[in-house]
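Hi everyone, thanks for coming. I'd like to walk you through one structure today, so let me put it up on the screen.

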Amino acid sequence: MIKPFKCAICEKRFGSEQAARQHISSKHFDELVFCDAPDVTSEAQSEETEPDWSRECETCGSTPIVPVTGMCGPCTFGTADAIGGNW
């Protein structure tokens, strides 16, 4: 699974924005103090993570799915808030 969030400084990838921000605050704090660049870049709207309404979830049969996983939002991310392509 491709991790959609990456550190803008070292480009290490993370599964959530919160994890990326924690990495940045612990590893790159000194660099951010003098930097105007965004600290986290998101590729969440790439082809691999845009909702695909044409296929059903491999696990529960719901739509839409996250193309990179083949599962719906709640099955992929483990949260009911991701239902209906809300990720």
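**Salt bridges and backbone details**

Let me begin with Arg-55, which is partly exposed, its relative accessible area being 40%. Keep in mind throughout that this is a predicted model.

Which residue does Arg-55 meet in a salt bridge? The partner is Asp-52, at 3.8 Å from N to O. Asp-52 has a relative accessibility of 17%, so it counts as buried, the cut-off being under 20%.

How many salt bridges does the structure hold? There are two. The other pair is Glu-17 with Arg-21, where the closest N and O atoms are 2.7 Å apart. Both residues sit in helix H1, which spans residues 17-27, and because they are four residues apart there, about one helical turn separates them.

Now to the backbone, with two loops to look at. Please find the loop between strand S1 (5-7) and strand S2 (13-14), where Glu-11 is located. Glu-11 has a positive phi, near 65°, although this residue is not a glycine. Is Glu-11 buried or exposed? With 52% relative accessibility, Glu-11 counts as exposed.

The last stop is Pro-64, in the loop between strand S3 (40-42) and strand S4 (65-66). Look at the peptide bond leading from Thr-63 into Pro-64: this bond is cis, and omega is near -10°.

Methods
Residues are numbered from 1 along each chain as its sequence is written. This is a predicted model: local features need pLDDT of at least 70, side-chain atom pairs count only at pLDDT 80 or more; totals for chains, interfaces and linings use all residues. Side-chain values use heavy atoms; hydrogens and water are left out. A salt bridge is a side-chain nitrogen of Lys or Arg within 4 Å of a carboxyl oxygen of Asp or Glu. Buried means under 20% relative accessible area, exposed over 50%, partly exposed in between (1.4 Å probe, protein chains only).
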